[in-house]
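Dear colleague,

Please find below the structure that I am handing over to you. My notes on it follow directly after.

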Amino acid sequence: SLIALMLILGLTIFCEMTPFMGGVLGAMTIYILLRGQMKYLTEKRKMRKGLAASILLVESILVFLIPLSIVVLILVDKFSTLNLNPQELIEPIQNISNFILEKTGYNPLKSENVSSLLGLIPRIGQYMMNGISSLMINIFVLIFILYFMLIGRERMESYIYDILPFSEHNKKEVLHEINMIVTSNAIGIPLLGIIQGGIALVGYYIFAVPAPMIFGLLTAISTVIPVVGTGLV
């Protein structure tokens with residue numbers, strides 16, 4: 001009964017923490033990138049843990065969080081001020097509908113389909129606003145957790161090392177692989193996105209695509225979607 005109670009309590013805590021998992025995972029990722037610097041500041045430079053953690057926290061905010069927030073705010077601002085001509089949107093949709101009607105005999109623009117589509121528009125706007133508020137909350141959670149992970153670095157790593165159910169050699173191998181995978185993804189994916197977004201931005205300017213900067217940002221962000229990400233943009 002005690003084990004069942006612990007499992008139920010753990011499952012409940014996990015379900016309630018789901019909206020904040022982005023901040024928790026982000027804190028773990030940035031911690032792996034900064035743990036070497038924390039070790040250097042506290043062991044080599046003999047700096048107090050609180051001061052060293054504060055310095056690294058400022059570094060992570062300047063390097064990771066502020067650029068991410070700026071990109072999100074730029075996209076939100078551009079989309080909120082986007083002035084669309086309804087006729088320009090309706091015409092290609094009507095052409096596609098006529099093509100489907102001609103080939104299949106089914107009319108996608110029936111009244112019930114249009115009503116359903118119009119009902120999705122407020123939901124999309126609400127989803128975007130919820131996403132922005134969730135991002136801000138997760139950034140706060142990330143900063144909070146990251147600070148205490150840096151402060152308790154030695155005890156936390158020692159505890160994780162002790163509870164791993166492997167031999168001493170395998171523990172070192174597993175931790176080394178985790179460090180390599182997280183570091184390569186945390187650096188490689190954003191770098192790949194910047195390169196692809198920059199190349200796409202040049203192409204958008206060459207071919208006179210409207211709002212090339214927005215499409216360049218979308219191309220850079222969409223690199224997280226495997227295989228088809230940039231192609232979708």
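Leaving aside its neighbours within four places in sequence, which residues is Tyr31 in contact with? The model is a predicted one, and in it Tyr31 is in contact with Leu146, Met149, Leu150, Arg153, Met156 and Glu157. The notes below begin with the chain as a whole and return to several of these residues.

Overall architecture

The chain holds nine helices and zero strands, and its order from the N terminus is accordingly written α-α-α-α-α-α-α-α-α. Of the 233 residues in the chain, 20% are buried. Among contacts between residues at least 6 apart in sequence, those that join residues at least 24 apart make up 61%.

The nonpolar core

The largest nonpolar core consists of 17 residues. Tyr31, Leu34, Met38, Leu56, Leu142, Leu146 and Leu150 are those with the most contacts inside it. Two or more residues of this core come from each of H2, helix H3 (49-80) and H5. The most is given by H2, with seven residues.

Arg153, one of the residues in contact with Tyr31, is found in helix H6. Is Arg153 buried or exposed? Its relative accessibility is 6%, so Arg153 counts as buried, the cut-off being under 20%. Leaving aside neighbours within four places in sequence, Arg153 is in contact with Tyr31, Arg35, Met38, Lys39, Thr42 and Glu43. There is also a polar contact, at 3.5 Å, between the side chain of Arg153 and the side chain of Glu154.

Both Arg153 and Glu154 belong to the lining of the largest cavity, together with Met38, Thr42, Lys49, Leu150 and Ile151. Helix H2 (21-44), H5 and helix H6 (153-163) are the elements that give two or more residues to that lining. By class, the lining of the largest cavity has three nonpolar, one polar and three charged residues. The space in this cavity is about 30 Å³, and the count of cavities of 30 Å³ or more comes to one.

The largest pocket

The largest pocket has a volume of about 1,400 Å³. Its lining is made up of 37 residues, and Phe64, Leu68, Pro190, Ile221 and Val224 are those that lie nearest its centre. The elements giving two or more residues to the lining are H2, H3, H5, helix H7 (168-206) and H8. H3 supplies the largest share, ten residues. How many nonpolar, polar and charged residues does the lining of the largest pocket have? The lining has 28 nonpolar and nine polar residues, and no charged residues.

Asn138

Asn138 lies in helix H5 (residues 111-151). Because its relative accessibility is 11%, and buried means under 20%, Asn138 counts as buried. A polar atom of the Asn138 side chain lies 2.8 Å from the backbone nitrogen of Gly23. A polar atom of the Asn138 side chain also lies 2.8 Å from the backbone oxygen of Ser134. Not counting residues up to four places away in sequence, Asn138 touches Pro19, Phe20, Met21, Gly22 and Gly23.

Met213

Met213 is placed in helix H8 (residues 212-221). With a relative accessible area of 44%, Met213 is partly exposed, because this value falls between the limits of 20% and 50%. Met213 touches Leu201 and Tyr205, not counting residues up to four places away in sequence. From C-alpha to C-alpha, Met213 and Leu201 are 6.6 Å apart in space, while twelve residues apart in sequence.

Positive phi angles

Two loop residues remain to be noted. Lys46, in the loop between H2 and H3, has a positive phi of about 55 degrees although it is not a glycine. Its relative accessible area is 67%, so Lys46 is exposed, for which the cut-off is over 50%. Ala208 is in the loop between H7 and H8, and its phi is near 55 degrees, again a positive value in a residue other than glycine. Ala208 also counts as exposed, at 63% relative accessibility.

Yours sincerely

Terms used
Residues numbered from 1 in each chain as written. Predicted model: local features only at pLDDT ≥ 70, side-chain atom pairs only at ≥ 80, totals over all residues. Heavy atoms only, no water. Helix = DSSP H or I, 4+ residues; strand = E, 2+ residues; numbered from the N terminus. Buried < 20%, exposed > 50% of the residue type's maximum accessible area, 1.4 Å probe, protein only. Polar contact = N/O pair within 3.5 Å; in protein donor to acceptor, adjacent residues only side chain to side chain. Contact = heavy atoms within 4.5 Å. 1 Å grid on protein atoms, 1.4 Å probe; cavity = no way out; pocket = protein on both sides within 12 Å on 5 of 7 lines; lining within 4 Å. Points joined across faces, edges and corners; volume = space filled by probe spheres on them. Nonpolar A, V, L, I, M, F, W, Y, C, P; charged D, E, K, R; others polar. Core = buried A, V, L, I, M, F, W, Y, C linked by side-chain atoms within 4.5 Å.
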